[in-house]
Amino acid sequence: MNSNPQEDSVDDGYDENGYDRPSKSQVKRDMHALLDLGKQLIALSPERLKQLPLEERLYEAIRMAQRTTGREGLRRQVHFVGKLMRDAPADVIRKQLDVWENGSREETAAMHRLEGLRDRLLDDDDALTRLLSLNPQADVQQLRTLIRAARKEKLANASLLQGQEPQKKHYRALFQALKTLTL
């Protein structure tokens with residue numbers, strides 16, 4: 001028989017304090033978190049809202065809040081949105097908002113890989129050979145032209161005086177070509 005009362009409470013559905021439901025404070029914190037999430041949704045564009053898994057009633061409440069100009073009316077509408085958020089998939093919504101705000105880690109890592117590849121192409125002729133062996137469908141002539149132009153641009157930027165804007169047109173064009181090549 002187990003004599004540890006904390007282990008018993010885990011098995012019978014009670015928390016560490018012996019309660020079988022969240023405390024009033026925890027419920028209140030959860031409601032405020034949903035209210036804050038609702039405020040974030042109200043700040044979104046209609047196009048972004050349509051991409052989220054929102055029920056029609058919640059979507060319409062958010063759109064109404066976006067159109068409401070009066071201070072008290074807006075406050076009441078925001079609280080109504082917060083109330084409707086109780087039935088919404090908050091974790092899914094938070095995750096999508098985070099991706100929109102920060103970009104996904106995978107996208108960021110892919111962009112860094114492309115930037116590294118671009119820099120290697122500008123510094124090393126063998127990098128193009130390796131790239132072409134991995135991507136035989138690539139337009140060799142276009143890549144060589146972009147690399148040559150980006151190298152000239154890089155040399156011109158190296159001799160700029162302080163305060164002058166560097167040119168990055170071909171540098172960016174090479175990045176875009178690599179982006180479409182690897183997608």
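Modeller: First, handedness: a crossing is right-handed if the near helix is turned clockwise from the far one by less than a right angle, and left-handed if anticlockwise. This is a predicted model, where local features need pLDDT of at least 70 and side-chain atom pairs count only at pLDDT 80 or more, while totals for chains, interfaces and linings use all residues. Residues are numbered from 1 along each chain as its sequence is written, and side-chain values use heavy atoms, leaving out hydrogens and water.

Now look at α8 (residues 125-134) and α9 (residues 140-158), whose axes lie 12 Å apart at an angle of about 155°. Helices here are DSSP runs (H or I, at least four residues), numbered from the N terminus, and axes are lines fitted to C-alpha atoms over the stretch in contact, with angles from 0 to 180 degrees between N-to-C directions. So α8 and α9 are roughly antiparallel (over 145 degrees; under 35 is roughly parallel, 65 to 115 roughly perpendicular, the rest oblique). They cross in a right-handed way. D125, L128, L131 and L132 of α8 meet V140, L143, R144, I147 and R151 of α9, contact meaning heavy atoms within 4.5 Å. That makes 6 nonpolar, no polar and 3 charged residues (Ala, Val, Leu, Ile, Met, Phe, Trp, Tyr, Cys and Pro are nonpolar, Asp, Glu, Lys and Arg charged, the others, Gly among them, polar).

Next, α7 (residues 105-123) and α10 (residues 169-182) have axes that come within 10 Å and cross at roughly 120°, so they are oblique to each other. Their crossing is right-handed. The contact includes M111 and L114 of α7 and Y171 and L174 of α10, and by class it has 9 nonpolar, 1 polar and 4 charged residues.

Key:
Helix = DSSP H or I, 4+ residues; strand = E, 2+ residues; numbered from the N terminus.
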